Amino acid sequence: MKAQQDQLVIYNSLKGEKEPFVPMVEGKVGMYVCGPTLYSEPHMGNMRTFINFDLIYRYLLHLGFSVKYVRNVTDAGHITNSAGQEVDSIGVAAKAEQLQSLEIVYKYAVKFQELQRVYNMLPPSIEPTATQHIQEQIEIIEQIITNGYAYEVNGSVYFDTRRYMQDYNYGILSGRKVDELENETRTLNAQDEKRFFADFALWKKANPDDMQIWRSPWGNGNPGWHIECTAMSTKYLGKQFDIHGGGMDLKFPHHEDEIAQSCGSFGCNPARYWMHANMLNVNGQKMSKSFGNYFLPKQILDGTTGLFEKSYSANVVRFFMMQAHYRSNLDFTQEALNASEKGYARLIEGFKTLENLPTTTSSFDVAALIGSFYKAMNDDFNAPILVANLFEAVKQINLVKDGNASISADDKTELKAAMEIFIHEVLGLAPENTATETRLAPVMDLVLDLRQQARTNKDWTTSDQIRDGLAKAGIVVKDGKEGTTWS
Ligand code: AMP
Ligand code: ZN
């Protein structure tokens, strides 16, 4: 199959328009995505952003690019909360759970790794952490000070936004105007160390109750939130690289400040293409820990979100997400999930039907169909259109099955290879693992027999225990007219 690198078009948030993707070095892509802050388990909204970038990574790989994908882990630093205050979220969580900061980080890193496996996400090339790069952060801050865009006050260092604005455009990415920001932001008060309300911390003097602190030329303290990404992206991808991604909510201030830091230290915007994934909402409101309207990615698998009556498999959840473009909002509703569950089953069934389809010498236009898969993904990774085109393939397959259309042997081979690639490799829907299923089958027969016995004896506690235990292991049991099935 011919890769179509030259036709890929990406929506660049920096320019507010789609443009052809031309990497800095032919055939190679450097991509940095802001990763999780590991003070708690990532919620389903966080996962949506990471799954969207997994799709982007997968398609770039499929096109034959050699991709260096760097996704950081925030395990230190003063982070701005939703009220705009600088807080050490990891320290706060550590105190609440009576653990040390790195115990907290490690605990949630293990959970995050497990979630990536369950949701079939490819591991990035590197997952660097902020605590491993304190020295690099300090060096960049020193460079910014030397260049005149930062100042030290009482052991903390702030970015000098007013000075920066004399040479650069602060707001280039987010379109925010400093005068408008001033109206939204509280005015400086006497205790404020900042010279200007829009200045932001590069280094923060240690508070007496900080759990992690580092030595610096300005005394003991913590890095500000934004500087870690500048340090790690520069170290692994260079001062300028191809793609920088993250959730839409990071555009301002996080990404705007990353641009300011890179311009302030190296004189260039770090990324040529800025990509922003849109939010997962619950009833129209962004899913967020601080709003309390969140659920965890594992809860949807074991049916304990409290929002939906049943559980859904990781493939169904992933498929559901793929039916919305990464730049569109997405609302999780039971109705939409049920529709995705049916759609996913129809797609996989159609793909299986293709295997045994009779062939003749003539065909419907298979090349155009395969071309439509590429066209969708080349248009700014348009997964929902790809899914619609895959359903078109299923429709044609069923027409052939019913004798109302035909396919040649060569075209059948081509279509099978293309569907395999786009369903499994690009959309990242894990192949139903037939090998595991075969090995598990006798064990499952036994477990389902025991459950049936419990049900016959009206021992609901045991039968529920078996069903819930299986759900935890990702196995969904269904009782239907034809008996009990599992998947
Ligand atoms: P955090 O761990 O808060 O730094 O967030 C990690 C990533 O998840 C960032 O790229 C955020 O933009 C993204 N994110 C946070 N909330 C949501 C949401 N409701 N929907 C989609 N992405 C989100
Ligand atoms: Zn970042």
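1. Helix H8, residues 251-266, is mostly covered, since 13 of its 16 residues are buried. Buried here stands for under 20% relative accessible area, exposed for over 50%, and partly exposed for the values in between, with a 1.4 Å probe and protein chains only as cover. Helices (H or I, at least four residues) and strands (E, at least two) are DSSP runs, numbered from the N terminus. Helix H8 is followed by glycine 267, which has a positive phi near 80°.

2. On the basis of the note: this is a predicted model, in which local features need pLDDT of at least 70 and side-chain atom pairs count only at pLDDT 80 or more, while totals for chains, interfaces and linings use all residues. Residues are numbered from 1 along each chain as its sequence is written, chains are lettered from A and ligands numbered from 1 in the order in which they are written, and side-chain values use heavy atoms, with hydrogens and water left out.

3. Helix H7, residues 227-237, has 9 of its 11 residues buried, so this helix is largely enclosed by the rest of the structure. The buried residues of H7 are Ile227, Glu228, Cys229, Thr230, Ala231, Met232, Ser233, Thr234 and Leu237. Just after H7 comes glycine 238, with a positive phi of about 100°.

4. Buried in H4 are Ile134, Gln137, Ile138, Ile140, Ile141 and Ile144. These residues cover an arc of only 165° around the axis, which puts them on the same side of H4; the arc is that of the directions from the helix axis to the C-beta atoms. As background, an α-helix has 3.6 residues a turn, so residues three or four places apart point the same way.

5. The loop between H4 and strand S7 (150-153) holds glycine 148. Glycine 148 is partly exposed, at a relative accessible area of 29%. From C-alpha to C-alpha, glycine 148 and phenylalanine 159 are 9.4 Å apart in space and 11 residues apart in sequence.

6. Two residues other than glycine have a positive phi and may be read side by side. Glutamine 98, not a glycine, has a positive phi of about 55° and lies in the loop between helix H2 (89-97) and helix H3 (101-118). Aspartate 380 has a phi near 55° and lies in the loop between helix H12 (366-378) and helix H13 (383-401). Glutamine 98 is exposed, with a relative accessible area of 72%, whereas aspartate 380 is buried, with a relative accessible area of 0%.

7. Arginine 71 is part of strand S4, residues 66-71. Is arginine 71 buried or exposed? Arginine 71 is buried, with a relative accessible area of 1%. Its side chain makes a polar contact of 3.1 Å with the side chain of glutamate 127. A polar contact is a pair of N or O atoms within 3.5 Å; within protein, one atom must be able to donate a hydrogen and the other to accept it, and residues adjacent in sequence count only if both atoms are side-chain atoms.

8. Aspartate 209 sits in the loop between strand S9 (201-205) and strand S10 (221-223). Aspartate 209 is partly exposed, with a relative accessible area of 48%. The C-alpha atoms of aspartate 209 and glycine 91 are separated by 8.6 Å, although these residues are 118 residues apart along the chain.

9. Ligand 1 has 18 residues around it, of which Gly45, Thr49, Asp249, Leu280 and Met287 come nearest; a residue is near a molecule or strand if one of its heavy atoms lies within 4 Å of it. A polar backbone atom of leucine 280 is 2.7 Å from a nitrogen atom of ligand 1. An oxygen atom of ligand 1 lies 3.0 Å from a backbone N or O atom of threonine 37, and a polar backbone atom of glycine 247 is 3.0 Å from an oxygen atom of ligand 1.
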